[in-house]
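Welcome, and thanks for opening the viewer. Could you walk me through this structure, telling me what to select at each stop and what I will find there?

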Amino acid sequence: MTPNLEIVTFADDIMIMIQGPSHSAVLTMVVNTLCTTEDWCKKHRLEISKNKSALMPMFIRNRNTYKSHPKISSWGLNVVSKMKYLGIMLDCNLDWFPHTQYLENKLLHIRNNLVRCSRATWGIYANLVTVYKHAILPVITYAAEAWHSSISKRAKNKLEQIQRSFLLFLTKAYRTVSLEVLSAIAGLIPIDHAVSLYKDIRAISRGLPTNAVMAQLKKIETPIKTRGIHPIDSHIHVDMTGGEGTAEVSIYTDRSKTEHHVGAGMVVVKNSQEVHMETQRLNIECTVFQTELCGIGMAVDWIQNQQKGTSSYAIHVVSKAALLAITNKHSTRSLAIDTRRKIIELRTTTTITFHWIKGHTGLKGNERADYLAKTVVSYNSNITYDSIPVSRGKQLLEDYYTQNWDATYINTGKASHTKPLIPSIFQRKSLSL
């Protein structure tokens, strides 16, 4: 590896980043890199598209030093101050104003097309908010993790201008109305908060820290990936016919979620006799899906702790989603991945089958597991699983940024005519407009 040089590739798009203590040192590395690239291409009978290639010196006012260099001139490289890479407009100062200009030009075309098919009394007027949320906002927030943290003030103003043009179109308001009022009337979060919300949602989905400071976010279930399992061993079959399995030992799992508790129950039946029962209490904010996975996990853990006298087990679950998560080799759920690993280890010496059954159909094992899950408080007072789902984390983040938006709206010196009608953002969200 060459120091101070990094190569970023995506399909056939290649970016080479070079840094150095001075521009002369950078130029030397650029020339060496060009010569190495040229030699490699000749060796493999390839040719670089020089018309699509460009050189962008960073943080320099006079680019003539690069333009006049013999090697760069012979290659015919364009020395530019901005370039587009993977849908992002990079600029030499990294203030991201050219990127916001690029967004403005792109979205202006979309807005003008929408204007032609929507007026205050006809067209797609009733669906404009949906179009904004699912077509316009994703374009603005695309790759915001890369550019929003160091965005300049003029770039922020450009983003607000973009949102303002759409909010005027949505609300059919006068052009003199302030952005704070337009956001409140439309019920759409200001663009700065919207981008921050998008970044934090992406962060918790990847197990990364967020900008929002909330104690509950520390309990978010961290997504992970399955590694080290050979594809031949990764297949797990599930019987989806709805019938019970035939095995020496039958295990039934079920779950319960109420306003006061969330619990999972598991019962083991051998020779028509209940030989073991177990319950697990979860965080009140855990989902039914997590509870189902915990129930399957309890069953597999119990099998793992048994002696090898029994060679076949049938696990019966009422949730198809939980079973599909266990069998899906691309799942990122930590509960599903941990259980999956244990199943793959166990089945080298033990036969384990999974069966989907309908709930509340009179099966004694299922009814017993359901009863245990509902009365989990009587058996377990300790919470054994405390991680909350990513979906709940997204809701917490939305509430957090809505509170920030509400505080900004209440404290602003504008909106004097609107505040008597819409005193707060939360009151606006309760209105069916």
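Start by selecting Arg 368 and Glu 274: in this predicted model, their side chains form a salt bridge, with N and O 3.0 Å apart. Colour the chain by element and you will see that the two come from distant parts of it, 94 residues apart: Arg 368 sits in helix 13 (residues 364–374), while Glu 274 belongs to strand 10 (residues 273–282). Arg 368 is partly exposed at 25% relative accessibility, and Glu 274 is partly exposed at 39%.

Next, select Arg 392 and Glu 285, another salt bridge, at 3.3 Å from N to O. Arg 392 is in helix 15 (residues 390–411) and Glu 285 is in the loop between strand 10 and helix 10 (288–304), so this pair ties together parts 107 residues apart in sequence.

Asp 370 is buried, with a relative accessible area of 7%, whereas Lys 374 is partly exposed at 46%.

Then select Asp 254, Arg 255 and Glu 292 together: salt bridges with shared partners join them into one network. The whole structure holds 13 salt bridges.

Finally, zoom out. The protein has 16 helices and 13 strands. Its radius of gyration is 29 Å, well over the 22 Å that the globule rule gives for 433 residues, so the protein is more spread out than a compact globule.

Key:
Residues numbered from 1 in each chain as written. Predicted model: local features only at pLDDT ≥ 70, side-chain atom pairs only at ≥ 80, totals over all residues. Heavy atoms only, no water. Helix = DSSP H or I, 4+ residues; strand = E, 2+ residues; numbered from the N terminus. Rg over C-alpha atoms; globule rule 2.2 N^0.38 Å. Salt bridge = Lys/Arg side-chain N within 4 Å of Asp/Glu carboxyl O. Buried < 20%, exposed > 50% of the residue type's maximum accessible area, 1.4 Å probe, protein only.
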